[in-house]
Amino acid sequence: MNIMRNRLPGIRPKRVRKASVHRNNLRVATFEGIPSTIFQVLLQGQFLTGFLLYLGASSSQIGFVLALTTLVNVAQIGVAFLIQKLPSRKWAMVTFIGLHRVLWAATGLVPFVFPKEHWVAAFIVMYTVAFIANTAGGMLWTSVISDLVPARVRGRYFGIRNTFLNALGSLVMYGGGIVLDRYPGGHGFLILYIVVWIFSVSNVIVFCFYPDVPFEKSEEKEFLPMFKKPLHDKLFMKSTLFLAAWLLLQNLTVPLYSYVMLQLMHINYQTLSLLNVSQTIFMMASFYVWGNLNARYSNKRLLLWTLPIIALSSLMWGMLSVLPVLPVLFAAHIMFGLGVGGFNQLAFNFIIGDTPKKERPMYMAMYAALTGLAAFFGPLIGGKIYEWIIRWPEWTQIYGMQVVVGLLMIALALLLGRRILRDE
């Protein structure tokens, strides 16, 4: 019988509300972040430093490895030009990100495949190739996600996504620390790498569900004119060069915190995980605060406000000379989380929000190249300095470096930051 005839009078049939295309796209981008967060947390930070120490790496080699991920960002300039020629960004993104995930996870095979004397060298080669692939994949992902997320919900979406994924990362980080304390040495890292393989493969699979969003290409067809676009933007270049100088100073010590705590202070992995979890929790809380402030103030002004907080976190290490170790380390990590959470979020908003849409890939590449070079030399120089001062009093290695760097950061923020990161 006809459904319309049998419908009760005065009652309208309920319509199933279909999710919008944008909502489905954002859901895919959020779900993709889950396996990505799990495997990346277990392969970086304290776990990367610990694995390198297990392989027999020195402080300078650790600094070099930590810096490599930013050095290869220079190649993004070429990628920004080449993606203009691609018929589809999606499958190029899936290919390069897949190579990165598989090669990075494969570093766990080093102790099983190579002689012990070649462990560190083999790791560095595999790690380098993985992050060369990630340079292209990351550039493509940033280009896609900036088009995927509508500008009107961008701040709210990334705030929610970052909060959720950082909460997940905190749990994974703590769990990984417990595993390494319970199963020290190669056994513990084997367990972690099994988990890494599962989630790296699942991460690549989820990337296949990303939409192939339309791409507004640059009006320039040749490399040099396209390359010169951001170089001729004085406000952009001044801000980028300043942030590069800041990251150079910051990365003299921050990437080597795990080395100092594991090797010099003999702090166990579980405690180190708790320190990093506390940093992440306060970083998540800061997303909401910085996001609300961003509705009233510009990206550049808020970036300036984050700098003294980051500098103060470095200076707080000096309190180890008079106060108990753990309260000082927790306070320093919490302060760093509050500052760096705002810094990273606002720097990303600055690149994808304050730059022309059609030229955005080259702007992003220029920012990544300049800040990447600075972030590369930071840990490299920092690792060398730790080798030079190895015979100095122990306090100079544990907190002396951090205090000096903190003072330099304060000076840079006051002398240059106030002039460059001001509203025009």
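Visitor: Which residues lie nearest the centre of the largest pocket?
Guide: R23, L26, V153, R156 and Y157, out of 13 lining residues. This is a predicted model, where local features need pLDDT of at least 70, side-chain atom pairs count only at pLDDT 80 or more, and totals for chains, interfaces and linings use all residues. Residues are numbered from 1 along each chain as its sequence is written, and side-chain values use heavy atoms, with hydrogens and water left out.

Visitor: What counts as a pocket, and as lining?
Guide: On a 1 Å grid over the protein atoms alone, a pocket is an open set of points where a 1.4 Å probe fits, with protein on both sides within 12 Å along at least five of seven lines; lining residues have an atom within 4 Å of a point.

Visitor: How much space lies in it?
Guide: About 390 Å³, taken as the space filled by probe spheres set on the points.

Visitor: Which element gives the largest share of the lining?
Guide: Helix 2, with 5 residues. Helices here are DSSP runs (H or I, at least four residues).

Visitor: OK, packing now. At what angle do helix 15 and helix 18 cross?
Guide: Roughly 165°, with the axes of helix 15 (residues 299–315) and helix 18 (residues 394–420) coming within 8 Å. That makes helix 15 roughly antiparallel to helix 18, the term for angles over 145 degrees.

Visitor: Who makes the contact?
Guide: Among them are L304, L307 and I310 of helix 15 and V403, L407 and I410 of helix 18, contact being heavy atoms within 4.5 Å.

Note on methods:
Axes are lines fitted to C-alpha atoms, for helices over the stretch in contact, and angles run from 0 to 180 degrees between N-to-C directions. Helices (H or I, at least four residues) and strands (E, at least two) are DSSP runs, numbered from the N terminus. Angles under 35 degrees count as roughly parallel, over 145 as roughly antiparallel, 65 to 115 as roughly perpendicular and the rest as oblique.
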